[in-house]
Amino acid sequence: MIELKNLGKTYQVGTVEFHALRGVELSIAKGSFVAVVGKSGSGKSTLANLVAGIDRPTSGKILMEGADLAGLDEDGLARWRGQKVGVIFQSFQLLPTLTVLENVMLPMDFAGVSVAEAKPRAMALLAKVGIEDQAAKLPLSLSGGQQQRVAIARALANDPALLVADEPTGNLDTRTADEVLDLFTAFADQGKTILLVTHERDLSSRVDRVVTLCDGRVESDVVGGRARLGGSHA
Amino acid sequence: MIDCRFPPRWSKLWRDARLEKERVFLMFVALAVSLLAVATLVGAGKILRREIRTNYLSTHPAMATLEIDRAIDASLVEKVKGFAGVQEAEAHEVVQARVQVGDDWLPLLVFVTDDLSGHRLSRYFPQSGAWPAPTGTLLVERTAMKVLGVQQGQAVQVKFPNTPAQRVPVTGIVHDPGLSPAGQERMGFAYASAATLQALGEDPSLHELRVTFAMDLGSTAQVRERAEVLAQALVDQGVEVHQIRVPPFEYHPHQIQMETVLLIMVSFSVLAFFLSAVLLATTLSAWLSRQTRELAILKTVGASSWQITGLYLAFVAALGLSASVVAWTLGSHAAVAFAGRLAAMLNFAILDASIPASAALIVFLGGVGIPLLVAYIPIRSASRATVREALSDWGAKVAAPGSWISNLPRSLRQILRRPRRLALSLALLGFGGAVFMTALNVRDGWTANLDKVWQTRHYDVEVRFRTAQSDSVLAGLAGVPGVRRVEPWGWSPAGLARPGKIDLVQVWPDKGHGSLSLVAMPVGSALTSFPLMAGRRLSETDTDGSVLNHIAWIQSGKPRLGEAVLVGIDGRILSTRLTGVVEEVGSPAVVYVTPGAFARFRSTQGRSRMIRVVTTATSPVERTEILHRLERAMEGKALPVQMAIPFSELKTAIGDHMTILVNSLLALAGIIAAVGMLGLASVTGMGVLERTREFGVLKTLGATPKVVLGMVMAEVLWIGAISWVLACVAAFPLTWAMDALIGSLGFLAPLPMVIGWVGPVVWLVAVVAISAVSGWIPARRAGKLTIREALAQVG
């Protein structure tokens, strides 16, 4: 269970304060597939960053299984992310000098998993996202869709309970985007909690909930088609 | 199966380093070259310190010498050996003779013992020829052969104190590691038995009782104490001891000189190495800056800041270790060669060329540890950035409109966008420039200090006589053609007296190093102009006043003006009050009194033991001719000359021995300059590369490649100019500190602070040239990229 209590985030831009999030209250049940939508500047990426522990709130709390993330220092947050969260970015953020396989092994390396153990696990993950034949290549030699699959496999490396994806289909064509979304659906079906940030509004049939942000506030929170079909918890 | 043997983080580091191979190589070269200098000098220093001691101790130097008024016989020696704590005792003598070299007469110290080959103290070692020398012949110290211009088997013309000049065969060559090189002293060293002295018609009696004491942990103070007890016991038994000589315990006469030269060189090599470490930190900082987003990705997937810190520290350690291996491999050979060169210069042999393990330890610990320490800050800073900060890093800060930065010229604003990087770059270049300038300033200060030897002495030759001679006879020498002025000065070897105690001096057996003289300076004499450090010069009325040169002032415990200074000669004490202190470079300790006070104390009214002569010579050849005429005139008047020292020869001798120091300092300055320039090239190049994307944007907005190039050049020249100003300013305190340290060790007074123009000009030209080239190349490359290519650049 993820609980966001009166969550606020303010940025200082020069002498001006910009309120990216204001008093957000949200609970996300374990195993649910939640889409966060909104216009550009609505605060959805900020929300994803806070949930993934990439950034810290200015006010309010983020409780993960009842534990406040504020209690963790930067290194504690990094360890927590490595074990519990998989993060997927719009621009893939793969390391260009590492092969596809090494990119996927990287989170395991930092978690203390040996090369001997990490390698078959990474290959299995690549197989899961359908690009095991690309394992020896460098990311820049792959298509955008393939790179995002690598990023998804990397996010799953330490088998995290939560996946946070920030506009994962933003750089992909429609067909590839659909394939990537199918992967998320499959992971949701396997019990992963997924927070998907997107500007696309026609995802409601695929997810359990659609949370709409506007000017840093929750404008609406509606049940999605997947929940209505009994796919998961809302 | 896909090859993947290493943990991905190390693969990333390795491949990133390969992508930056030019800069990694540059960091390696800078570390290795400066560390090579450190390894060479530290290794050579370890060898030299051990070997100078081994060589000196191999001579079994006397710990103390007691000057006895009567001839020392075997029974006295045996009696002294019987005293509690005396380990060894022997009778010696040092005769101050003169030897003819060409048309010149140089001082010749003849060391005399009863048994040339069997004596156990102040030993020397046969190198060739007869051993022991047959009666009636001399052995000559190996460094003196060149000074005397003589070959083994030839004869030299020698004037002993009591006999006319006579030819004495040189039958052998010996090495005496207890002496400084003859060339440096501009005198000859010879060895003869008492029987030889007798055969040559001289007094064969020996007056120096040399002793060693049995002691567990020796020190100069302990030796003094024991020597005083022994001397007093002898006095109580009716043996007249008129002086005790205790040189610094187990210290070669030129050890301080060697230590000073080593200190200068090691200091600058360490500074050069620090500079390399700063270069490494600066380059690494720029590299990490380009890696900001990748570091954020590592943290996103679970890397802690310590894991990232460890990754890059391991890289720095590997770089430092490789540089240390190369530096040590080459440096250990260079150290042996350099030590051999210095040892030859100081007349001792390298008996064991092995370098102690501690030198390797210093090089490896420093080679790895210092880069780690210096690089830690930028690495830690980069690895501690939060993921959001790093992912949203656009490379630079932007000044808020209206702030002071926004009012600066555009090119200056640009370089201020990354204040930390700018600070590191300026620190690297400013420090490099300051050290470079300081090296040249210290060299100039050292030279200027030695120049004082001639600038403060306005005469051509100093002549000392064995006994005081009539001033009117001496004044008559002014009639020698070419002699402009002859000034008689009172002079006598002396010691600092302690009431109720025997005179004690810290002079070495060559009677020059560590000696103290009492000198009567004619009031108002224009022949010297030693600068006053305190108080005032002597006037006619200062009948009990004294002026000390700075060495005598330090030897006598730095008395305050007006305090008592007691000088002892032959058991008598002259009590004076300190009137002033002068800086006298190039002389041992001297206590100056008025001629009246000197004459009363030494009973030499109307007579003097020293003259200082000014000639009309305008060339060295002319001066030599006049000196020869003067020599003949003194011989004609039967004046018993002890030594005549033309200053031109001294200048050449000291100048020759400066060469190694000056060349080494220049080489080190070159290394420092090279490291600084490598740093400048690296920082500038990386700065431009980082902004390739920005240049793409500018070109989209209409900027031409020429405009981009102009922007870059303006920025790099700003950095060069600011760093140059910082270097010039920092060179002042650095020069001051180095001059104070080196001068105090080498001359017991700070070196004169010389701020030369060559260093700043050379550095300015180099900074502008390297800035221009290292900015122009990548800027031109960036300017040639299409907008699409430029915008595709990461970072």
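At what angle do helix α14 (residues 419-455) of chain B and helix α22 (residues 758-784) of chain B pack? In this predicted model, the angle is about 145°, and the two axes are 8 Å apart. As α14(B) passes α22(B), the crossing is right-handed. On the α14(B) side, the residues making the contact are L429(B), G432(B), G433(B), F436(B), M437(B) and L440(B). On the α22(B) side they are G759(B), P760(B), V762(B) and W763(B). Sorted by class, that contact comes out as seven nonpolar residues, three polar ones and no charged ones.

**Helix pairs**

Two packed helices are described by the angle between their axes and the distance between the axes. Here are the pairs to look at.

| Helix pair | Angle | Axes |
|---|---|---|
| α14(B) and α22(B) | about 145° | 8 Å apart |
| α10(B) and α11(B) | roughly 150° | within 8 Å |
| α3(A) and α5(A) | about 30° | 8 Å apart |

Take the second row. Helix α10 covers residues 305-345 of chain B, helix α11 covers residues 357-384 of chain B, and their axes cross at roughly 150°. That crossing angle makes α10(B) roughly antiparallel to α11(B). The residues in the contact of α10(B) with α11(B) are 19 nonpolar, six polar and two charged. The handedness of this crossing is right-handed.

The crossing of α3(A) and α5(A) is right-handed. From α3(A), the contact uses V100(A), N103(A), V104(A) and P107(A), while α5(A) brings V150(A), A153(A) and R154(A). Five of the residues in this contact are nonpolar, one is polar and one is charged.

**Sheets in chain A**

Let's start with the six strands. They make an open sheet in the order β6-β7-β8-β3-β9-β10 of chain A, and the pairing is mixed. Strands β6 (85-88) and β10 (217-223) of chain A sit at the edges with a single partner strand each, so one side of each has no neighbour in the sheet. From one strand to the next, the twist averages 15°. Helix α5 (residues 144-155) of chain A packs on this sheet, where it touches β6 and β7 (162-166) of chain A. The direction of α5(A) makes about 165° with that of β6(A).

If you want a pair to find on screen, look for C214(A), which stands opposite R217(A) in β10(A).

Chain A also has an open sheet of four strands, ordered β2-β1-β4-β5, with antiparallel pairing. Its edge strands are β2 (16-28) and β5 (67-68) of chain A, and each of them pairs on one side only. Strand β1 (residues 2-13) of chain A pairs with strand β4 (residues 59-64) of chain A over five bridges, in the antiparallel sense. Within that pairing, G8(A) has S59(A) of β4(A) as its bridge partner. Helix α1 (residues 44-51) of chain A lies across β1, β2 and β4 of chain A, and runs at about 120° to β1(A).

**Chain B: strands around β18**

Which strand does β15 (residues 532-535) of chain B join through three bridges? That is strand β18 (residues 572-582) of chain B, and the two run antiparallel. The bridge partner of L532(B) in β18(B) is V582(B). Strand β16 (residues 545-549) of chain B pairs with β18(B) in the parallel sense, over five bridges. There, S546(B) is partnered with L578(B) of β18(B).

Then comes strand β17 (residues 564-569) of chain B, which six bridges join to β18(B) in an antiparallel arrangement. A564(B) has R577(B) of β18(B) as its bridge partner. β17(B) and β18(B) also form a hairpin with two residues between them, and D570(B) in the turn has a positive phi of about 50°.

**Chain B: domains**

For chain B, the domain assignment gives domain 1 (1-60 + 248-391), domain 2 (64-221 + 240-245), domain 3 (394-418 + 429-454 + 648-795) and domain 4 (461-616). The C-alpha centres of domain 2 and domain 4 of chain B lie 27 Å apart. Between these two, 19 residues of domain 2 of chain B are in contact with 13 residues of domain 4 of chain B.

Terms used: Residues numbered from 1 in each chain as written. Chains lettered and ligands numbered in written order. Predicted model: local features only at pLDDT ≥ 70, side-chain atom pairs only at ≥ 80, totals over all residues. Heavy atoms only, no water. Axes fitted to C-alpha atoms, helices over the stretch in contact; angles between N-to-C directions. Parallel < 35°, antiparallel > 145°, perpendicular 65-115°, else oblique. Left-handed = near helix turned anticlockwise from the far one by under 90°. Nonpolar A, V, L, I, M, F, W, Y, C, P; charged D, E, K, R; others polar. Pairing = 2+ DSSP bridges. Contact = heavy atoms within 4.5 Å. Domains from an automatic or database assignment.
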